[in-house]
Amino acid sequence: MFSRLREDIRSVFDRDPAARSSWEVLTCYPGVHAVIFYRMAHGCWQARLYWLGRFISHLGRFFTGIEIHPGATIGRRFFIDHGMGVVIGETAVIGDDVTLYHGVTLGGTSWNKGKRHPTLSDGVVVGAGAQVLGPITIGAGAKVGSNAVVIKDVPPGATAVGNPARIIDSELAHKREEKAGKLGFSAYALAGAQDDPLSKAIHGLLDHAVETDRRLEVLLERLEQAGVSVEDDLAVADRFDPKYLSKIVD
């Protein structure tokens, strides 16, 4: 259990730049606390101590604002960022290295017994307020945008946004996501079809950055073909600060 706890704490540093020390993570991160409560409750559930498992789960909900049914199956290095309002149902299955943000629901769409909650494969990221409903599968490495409502399977590596969720598959959208990742900022939670002026502005900024990079690459290629050495002559522009962009969105 303690080795798993150390692993969970280390995974926080990989996904939250605000984390400063292991002690801070252990004492001040409700997502970590919720996982600790879940591990104890799940152990009771597997031992058929159902009431005790539910009671420990209830205590975890009281202290963290995160509700995880003890019957859920959760893999390693699971991270819930902020966490308030997260709900994970009994038959949900979560793989390794999955990240959930606050307000996420992994819920069911049926009152029948059996598999009725979603399966999240390894490396899935689910944005704030998203609802993933029913016995569907979110493929490995997929992303679910903030406030998306997902009721169908999402292929591995895809990005789903909107209500109802749709898969972003345009070439421009993929280039935008690739550029955002290089800058250290992911805009997966913003749908291009939304009318929010801030999301449009961020998309415009990322699209402009992609086009600027393309033009620079063509220009450098032409200069090299002309025999002009450019390695020492290129002016260094001010670096783009992705943390500042993240602060604007937050």
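Here are a few notes on helix packing and aromatic pairs in this predicted model.

1. Start with helix 3, residues 30-46, and its packing against helix 1, residues 2-15. The angle between the two is about 155°, and their axes are 11 Å apart. Since angles over 145 degrees count as roughly antiparallel, that makes helix 1 roughly antiparallel to helix 3. The crossing of this pair is right-handed.

2. Which residues make the contact between helix 1 and helix 3? Helix 1 brings Arg4, Leu5, Asp8 and Val12, while helix 3 brings Val32, Val35, Ile36 and Arg39. By class, you get five nonpolar and three charged residues in this contact, with no polar ones.

3. Helix 3 also packs against helix 4, here at an angle of about 175° with the axes 7 Å apart. These two helices are therefore roughly antiparallel to each other as well.

4. On the helix 3 side are Pro30, His33, Ala34, Phe37, Met40, Ala41, Cys44 and Trp45. They meet Tyr50, Leu52, Gly53, Arg54, Ile56, Ser57, Leu59, Gly60, Phe63 and Thr64 of helix 4. Sorted by class, that comes to twelve nonpolar, five polar and one charged.

5. Now the rings: how many aromatic pairs turn up in the whole structure? The search finds four. One of them joins phenylalanine 37 and phenylalanine 63, which are stacked, with 6.2 Å from centre to centre and 5° between the planes. This pair links distant parts of the chain, as phenylalanine 37 sits in helix 3 and phenylalanine 63 in helix 4 (residues 50-64), 26 residues apart.

6. Is phenylalanine 63 buried or exposed? Its relative accessibility is 60%, so phenylalanine 63 counts as exposed, the cut-off being over 50%. Ring pairs also tie Phe63 into a cluster with Phe37 and Phe62.

7. Another stacked pair is made by tryptophan 51 and phenylalanine 55, at 5.1 Å centre to centre and with 10° between the planes. Because they are four residues apart in helix 4, about one helical turn separates them. As for accessibility, tryptophan 51 counts as exposed at 63%, whereas phenylalanine 55 is partly exposed, with a relative accessible area of 37%.

Note on methods. Residues numbered from 1 in each chain as written. Predicted model: local features only at pLDDT ≥ 70, side-chain atom pairs only at ≥ 80, totals over all residues. Heavy atoms only, no water. Axes fitted to C-alpha atoms, helices over the stretch in contact; angles between N-to-C directions. Parallel < 35°, antiparallel > 145°, perpendicular 65-115°, else oblique. Left-handed = near helix turned anticlockwise from the far one by under 90°. Contact = heavy atoms within 4.5 Å. Nonpolar A, V, L, I, M, F, W, Y, C, P; charged D, E, K, R; others polar. Phe/Tyr/Trp six-rings, centres within 6.5 Å; stacked < 30°, edge-to-face > 60°. Buried < 20%, exposed > 50% of the residue type's maximum accessible area, 1.4 Å probe, protein only.
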